[in-house]
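Dear colleague,

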Amino acid sequence: MNLHAYIDGVGLLGPGLDNWTEARAILAGATPYTARPLLAPPPSALPAAERRRAGTLVKVALAAASEAIAQSGVSAAEVASVFASSGADGDNCHAICAALASSDRLISPTRFHNSVHNAAAGYWSIASKAMTPSSVVCAFDASFGAGLLEAMSLVAVDGQRCLLVAYEAPYPEPLNATRPLPSAFSLALLLSPLASANSLARLTVETSAAAADTLADAALERLRQSIPCARGLPLLAALARGQGRAVLDYLAPLQLAVEVRPC
């Protein structure tokens with residue numbers, strides 16, 4: 001298997017990584033990384049009612065998606081999408097579990113529709129007014145790799161642009177004790193079958209039996225290991241340097257080898 005696409009836009013939001021524009025120097029090793037709490041921006045593209053209901057998971061997903069689209073110069077309404085996350089909205093899942101464990105066991109319909117795994121994709125379709133195909137994938141810690149393969153395959157088969165959005169948010173206790181995630185995080189790639197004036201690099205993905213690459217910065221490496229969608233950071237590091245090859249975690253014993261080349 002060997003898949004190719006062009007990267008036309010990137011979005012990034014994580015602790016100490018406020019956006020792709022500022023994070024490039026950090027991931028390239030030119031600027032030191034300083035961890036700090038993530039502030040999830042309100043999703044301004046959503047109508048007021050939906051914006052009030054959006055939790056942290058939706059906010060970080062839409063922030064990265066919006067940044068990638070803005071860089072590309074294309075209309076979000078014309079782009080297919082793949083949303084990848086290792087779990088659904090933990091805050092709403094916790095609230096539903098707490099309600100079921102209470103004496104009245106009444107569940108809020110709003111809580112329910114925000115707890116499902118495709119909630120972020122649904123909010124994106126509202127914000128972008130997109131009626132294009134949208135896929136939602138989950139593969140636990142391999143979710144970034146699964147999303148990347150899905151998006152790259154759609155580009156290859158359908159010959160159209162595809163937006164990959166990978167995102168996570170922490171769970172409240174007691175779920176956090178079983179599934180600890182230190183912070184919310186999101187990254188997005190706008191992939192295209194053809195090069196354009198806005199293309200940043202050419203991306204090739206294939207399966208590999210090699211061990212996954214690690215990051216030289218110890219704090220960034222902790223992020224990569226502890227947040228599933230941050231498994232994509234070595235790819236972004238290669239892109240920040242302008243070119244390079246990296247092996248990403250996937251479903252053992254398979255990994256994903258990605259190569260970034262100048263257009």
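In what follows, a helix is a DSSP run of H or I that is at least four residues long, a strand is a run of E of at least two, and both are numbered from the N terminus. Please bear in mind throughout that this is a predicted model.

Overall shape

The protein chain contains 10 helices and 8 strands. Its radius of gyration is 18 Å, close to the 18 Å that the globule rule gives for 263 residues, so the chain is as compact as a globular protein of that length. Taken along the principal axes, the C-alpha atoms fill a box of roughly 60 × 40 × 35 Å. Of the 263 residues, 49% count as buried, and the accessible surface comes to about 11400 Å², with 56% of that area belonging to carbon and sulfur atoms. Among contacts between residues at least 6 apart in sequence, 73% join residues that are at least 24 apart. As for charge, there are 18 positive and 20 negative side chains, and the centres of these two sets lie 3 Å apart.

The nonpolar cores

The largest nonpolar core has 48 residues, and the members that touch the most other members are Leu148, Phe185, Leu203, Leu235 and Leu236. Helix α10, which spans residues 233–241, gives this core its largest share, 7 residues.

When neighbours within four places in sequence are set aside, Ala238 is in contact with Gln243, Gly244 and Val260. Ala238 and Arg24 are 214 residues apart in sequence, yet their C-alpha atoms are 9.8 Å apart in space.

Cys229 has its place in the loop between α9 (218–226) and α10, and at 1% relative accessibility this cysteine counts as buried. Not counting residues up to four places away in sequence, Cys229 touches Phe144, Ala166, Tyr167, Glu168, Phe185, Ser186 and Leu187.

Val82 lies in strand β2, residues 80–84, and counts as buried at 0% relative accessibility. With neighbours within four places in sequence left aside, its contacts are Ser135, Val137, Gly147, Glu150, Ala151, Leu154, Cys162, Leu163, Leu164 and Val165. Val82 and Leu149 are 67 residues apart in sequence, while their C-alpha atoms are 9.9 Å apart.

Backbone points to look at

Most residues other than glycine have a negative phi, and most peptide bonds are trans.

The peptide bond from Glu173 to Pro174 is cis, with omega near 5°, and Pro174 lies in the loop between β4 (162–168) and α8 (175–178). Another cis peptide bond joins Ala252 and Pro253, where omega is about 10°; Pro253 is found in the loop between β7 (244–248) and β8 (255–261).

Lys129, which is not a glycine, has a positive phi near 60°. This lysine sits in the loop between α6 (119–128) and β3 (134–137) and is exposed, with a relative accessible area of 65%. Phe140 likewise has a positive phi, of about 55°, without being a glycine. The loop that holds Phe140 runs between β3 and α7 (143–158), and with a relative accessible area of 49% this phenylalanine is partly exposed.

With kind regards

Note on methods: Residues are numbered from 1 along each chain as its sequence is written. This is a predicted model: local features need pLDDT of at least 70, side-chain atom pairs count only at pLDDT 80 or more; totals for chains, interfaces and linings use all residues. Side-chain values use heavy atoms; hydrogens and water are left out. A nonpolar core is a set of buried Ala, Val, Leu, Ile, Met, Phe, Trp, Tyr and Cys residues joined through side-chain atoms within 4.5 Å. Buried means under 20% relative accessible area, exposed over 50%, partly exposed in between (1.4 Å probe, protein chains only). The radius of gyration is taken over C-alpha atoms; the globule rule is 2.2 Å times the number of residues to the power 0.38. Contact means heavy atoms within 4.5 Å. Accessible areas come from the Shrake-Rupley method with a 1.4 Å probe; for residues, only the protein chains shown count as cover. Lys and Arg count as positive and Asp and Glu as negative; His and the chain ends are not counted. The place of a charge is taken as NZ of Lys, CZ of Arg, CG of Asp or CD of Glu.
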